[in-house]
Amino acid sequence: MAVSLRKARTIIRKTLEKGREMELKPLSVVVLDAGGHVIAFEREDGAAPGRFAIAHGKAYGSVMLGMAGTAQMQRAEAQAYFMAAVNGVYGGQVVPVPGGILLRDRKGAVIGAVGVTGDTSDNDATAGMTGIEAAGLIGEI
């Protein structure tokens, strides 16, 4: 199973709607496929221009490690040297915090990832999960 452009757009639209409902700061959302390639991205008006790199880093770390943002953060806290090495391997592209949400199929295989940034990491993850569920996909925070 792959994440279609239609599903990626649904994830983004519903994530942004949830962010507005929660009165979050302007969000940026990226959806990656299982190989770490961008399917779709949007940045709300007022979001800082550097937010693409952060959203991408959250999602990229999730898909490349097969580990959601919360698990990456726990690993970074327990073994900072491991995440430093991972960032060296991936050219500094990994942002190991919540808001990087792993996408899995019904059998548990990784099919992509979503990266959300703009507010607190926990709020980013909450908004992203709403978008993922609206698209009928399985997310792992």
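Q: How many helices and strands are there in the chain?
A: Helices (H or I, at least four residues) and strands (E, at least two) are DSSP runs, numbered from the N terminus. In this predicted model, local features need pLDDT of at least 70, side-chain atom pairs count only at pLDDT 80 or more, and totals for chains, interfaces and linings use all residues. Residues are numbered from 1 along each chain as its sequence is written, and side-chain values use heavy atoms, with hydrogens and water left out. The elements run α-β-β-α-α-α-β-β-α-β from the N terminus on, which gives five helices and five strands.

Q: What is the radius of gyration of the chain?
A: The radius is taken over C-alpha atoms, and the globule rule is 2.2 Å times the number of residues to the power 0.38. For 141 residues the rule gives 14 Å, so the chain is as compact as a globular protein of that length, its own value being close to this at 14 Å.

Q: How far apart are the end C-alpha atoms of helix α2?
A: The expected span of a helix is 1.5 Å times one less than its number of residues. Helix α2 has 15 residues (residues 51–65) and should therefore span 21 Å; the distance between its end C-alpha atoms agrees, at 21 Å.

Q: Which elements do the buried residues of α2 pack against?
A: Buried means under 20% relative accessible area, exposed over 50%, partly exposed in between (1.4 Å probe, protein chains only). Among the buried residues of α2 are His56, Lys58 and Tyr60. With contact meaning heavy atoms within 4.5 Å, the buried residues of α2 pack against β1 (28–33), β2 (38–43), α3 (69–78), β3 (100–104), β4 (110–117) and α5 (121–134).
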